[in-house]
Amino acid sequence: MLKGNAYKAKAFAKINLTLDITGILENGYHSIASVMQTISLYDEISVEKNDSGEIRLFSGGGKFAEGMPLDEKNTCHKAAKVFLEHMEISEGVDIHIKKNIPSQAGLGGGSSDAATVLRLLNRLFETDFSFDELRELAVKIGADVPFLVTGGCALCEGVGEVLTPIDNGLTGYVLLKKPDFGISTPEAYRLFDEKKLPFGHSSKAVIDSGSFHGLLSNDLEKAVANPEILELKEELVRLGASDSLMTGSGSCVYGLFEYRRVAEHVGRLIKEYPTIGVYEPVSSEEVTVL
């Protein structure tokens with residue numbers, strides 16, 4: 001969407017319906033197979049050119065803006081740097097971020113912000129990159145960023161760069177609950193290695209069956225094995241969720257429901273953990289609207 005000389009877009013969160021660790025690479029990184037789905041929780045990103053030649057970040061507020069870095073530590077800065085250097089563009093950009101997705105939750109907020117910056121800069125500078133070309137840049141930023149360039153529902157393999165779209169994505173409603181602690185991604189992977197857990201195969205089972213029901217699985221949840229997360233999952237299912245899982249490296253846990261009113265009611269019943277909200281699946285067409 002054009003607003004004066006600035007472009008603005010939504011950066012949608014994701015959940016992992018499966019997350020299998022499939023191997024450990026020579027560089028120490030882990031290969032994965034993960035079915036991911038974008039949902040209707042989003043940050044808001046806007047970009048515009050500036051004459052300073054610098055990448056400048058500004059907070060646009062939002063529920064989770066406090067503590068958000070506004071320097072090179074932010075994935076938006078990294079995405080802009082990768083894009084501008086690749087295109088040999090000397091102009092600067094201003095990036096405004098309204099932060100509605102919590103960090104250290106496993107919802108891919110930082111990755112989605114970065115992916116959205118790539119799409120917006122592509123439009124701002126009229127560089128006409130295809131989504132495939134943007135994904136090649138996205139690989140340099142982080143594992144979830146290539147998927148979040150287009151979102152929707154997809155099987156993500158390798159280190160997140162090999163994508164296979166899934167037509168029959170998630171339906172219904174997603175209730176998000178987040179314990180009042182975060183889990184760092186490096187720590188979750190360290191625990192997986194330390195415990196010498198077996199590699200997962202749930203993604204293949206989902207693809208082969210064409211269904212998610214009863215097949216949700218997250219190897220990092222098994223590695224973290226946090227009792228509060230396990231208790232929250234059990235409570236969600238006891239109160240009516242068809243399935244429940246920790247997303248990504250956590251600590252956010254979701255429950256799946258057929259009806260919004262039931263999801264909202266269950267959210268109110270579980271008072272021990274804050275509700276982020278109830279959300280719907282979002283297609284790749286919705287993600288890529290500018």
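Colleague: Is aspartate 113 buried or exposed?

Modeller: Aspartate 113 is buried, with a relative accessible area of 2%. Buried means under 20% relative accessible area, exposed over 50%, and partly exposed in between, using a 1.4 Å probe and protein chains only. This is a predicted model, where local features need pLDDT of at least 70, side-chain atom pairs count only at pLDDT 80 or more, and totals for chains, interfaces and linings use all residues. Residues are numbered from 1 along each chain as its sequence is written, and side-chain values use heavy atoms, with hydrogens and water left out.

Colleague: Which residue forms a salt bridge with aspartate 113?

Modeller: Lysine 99, with the closest N and O atoms 2.9 Å apart. A salt bridge here is a side-chain nitrogen of Lys or Arg within 4 Å of a carboxyl oxygen of Asp or Glu. Lysine 99 lies in the loop between strand 6 (92-98) and helix 2 (109-124), and aspartate 113 in helix 2, so the pair ties together parts that are 14 residues apart in sequence. Helices (H or I, at least four residues) and strands (E, at least two) are DSSP runs, numbered from the N terminus.

Colleague: And lysine 99, buried or exposed?

Modeller: Lysine 99 is buried, at 8% relative accessible area.

Colleague: How many salt bridges in the whole structure?

Modeller: A search finds 16. One of them joins lysine 233 to glutamate 221, with 2.7 Å between the closest N and O atoms. That pair links distant parts of the chain, with lysine 233 in helix 8 and glutamate 221 in helix 7 (residues 219-224), twelve residues apart. Lysine 233 counts as buried at 17% relative accessibility, and glutamate 221 is buried at 8%. Salt bridges that share partners also join Lys8, Glu44 and Lys98 into one network.

Colleague: What about glutamate 85, which side chain does it meet?

Modeller: Lysine 81, in a salt bridge of 2.9 Å, N to O. Both residues lie in helix 1 (residues 75-87), four residues apart, about one turn of the helix. Glutamate 85 is exposed, with a relative accessible area of 52%, and lysine 81 counts as partly exposed at 41%.

Colleague: Which residue is the bridge partner of serine 244?

Modeller: Glycine 255, in strand 12. Strand 11 and strand 12 (residues 253-257) pair over four bridges in the antiparallel sense.

Colleague: Now the other strands. How many bridges join strand 7 to strand 8?

Modeller: Four, between residues 153-158 and residues 162-165, running antiparallel. Alanine 154 has proline 165 in strand 8 as its bridge partner. The two strands form a hairpin with three residues between them, and glycine 160 in the turn has a positive phi of about 105 degrees.

Colleague: How many bridges join strand 4 to strand 7?

Modeller: Six, again with the strands antiparallel. Alanine 33 has glutamate 157 in strand 7 as its bridge partner.

Colleague: Last one. Where is leucine 25?

Modeller: Leucine 25 sits in the loop between strand 3 (18-24) and strand 4 (30-50). Leucine 25 counts as partly exposed, at 36% relative accessibility.

Conventions:
Pairing = 2+ DSSP bridges.
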